[in-house]
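Here's a quick briefing to read alongside the model. Have the viewer open and follow along.

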Amino acid sequence: MSQVHRLPSPNINPENKAFWDAAEDNRFILKFCNSCKEPHYYPRTICPHCGSNDTTWVESKGLGEIYSYTVMRRGVEVPFAMAYVRLNEGISVLTHLTNCDFDAIRIGQKVKVVFEETQDGAKTHLFEPI
Ligand SMILES: [Zn+2]
């Protein structure tokens with residue numbers, strides 16, 4: 001058996017399909033609102049800031065820093081770390097952390113997006129220290 005935490009599969013629907021299609025190509029994209037000029041995450045058709053449906057996809061470099069995190073060690077098969085990552089675009093993403101020593105994680109640490117396969121083979125985004 002693998003000693004890697006099994007990532008949950010994405011819940012794909014028409015509103016977020018482009019996001020998961022991009023993940024398959026190791027690309028991280030965000031929704032951007034043409035009315036209020038703000039990006040948002042998770043991907044939605046209707047802007048959560050102003051209610052406009054004039055939103056479009058934009059490429060993100062997937063760079064940011066750890067805003068908050070927790071390491072799950074009890075009651076799980078394999079320990080894993082989750083974090084809120086504050087993207088350089090100014091919005092937060094709830095995500096798994098990977099390729100790091102869980103005891104060395106710190107708030108403010110710079111991270112970048114990476115992609116790994118989930119339980120059913122679809123890729124999802126995680127973040128690793130730079
Ligand atoms: Zn807006």
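How much area do domain 1 and domain 2 bury between them? About 1200 Å², with 64% of it on carbon and sulfur atoms; buried area here is the accessible area (1.4 Å probe) that two parts lose on being put together, summed over both. Before going on, note that this is a predicted model, where local features need pLDDT of at least 70 and side-chain atom pairs count only at pLDDT 80 or more, while totals for chains, interfaces and linings use all residues. Residues are numbered from 1 along each chain as its sequence is written, and side-chain values use heavy atoms, leaving out hydrogens and water.

**The two domains**

- The protein splits into domain 1 (12–60) and domain 2 (62–130), with bounds that come from an automatic or database domain assignment.
- Their C-alpha centres sit 20 Å apart.
- On the contact count (heavy atoms within 4.5 Å), 12 residues of domain 1 meet 15 residues of domain 2.

- α1 (17–24), β1 (28–33) and β2 (39–40) each give at least two residues to the side of domain 1 that touches domain 2. These are DSSP runs numbered from the N terminus: helices (H or I, at least four residues) and strands (E, at least two).
- The largest share of that side, 4 residues, comes from α1.

- Most residues other than glycine have a negative phi, and most peptide bonds are trans.
- Y41 and Y42 are joined by a cis peptide bond, with omega about 5°; Y42 lies in the loop between β2 and β3 (55–60).
- K37, in the loop between β1 and β2, has a positive phi near 65°. K37 is exposed at 52% relative accessible area (exposed is over 50%, buried under 20%, partly exposed in between; 1.4 Å probe, protein chains only).
- N99 isn't a glycine either, yet its phi is positive at about 55°. N99 sits in the loop between β6 (92–97) and β7 (110–117) and counts as exposed at 55% relative accessibility.
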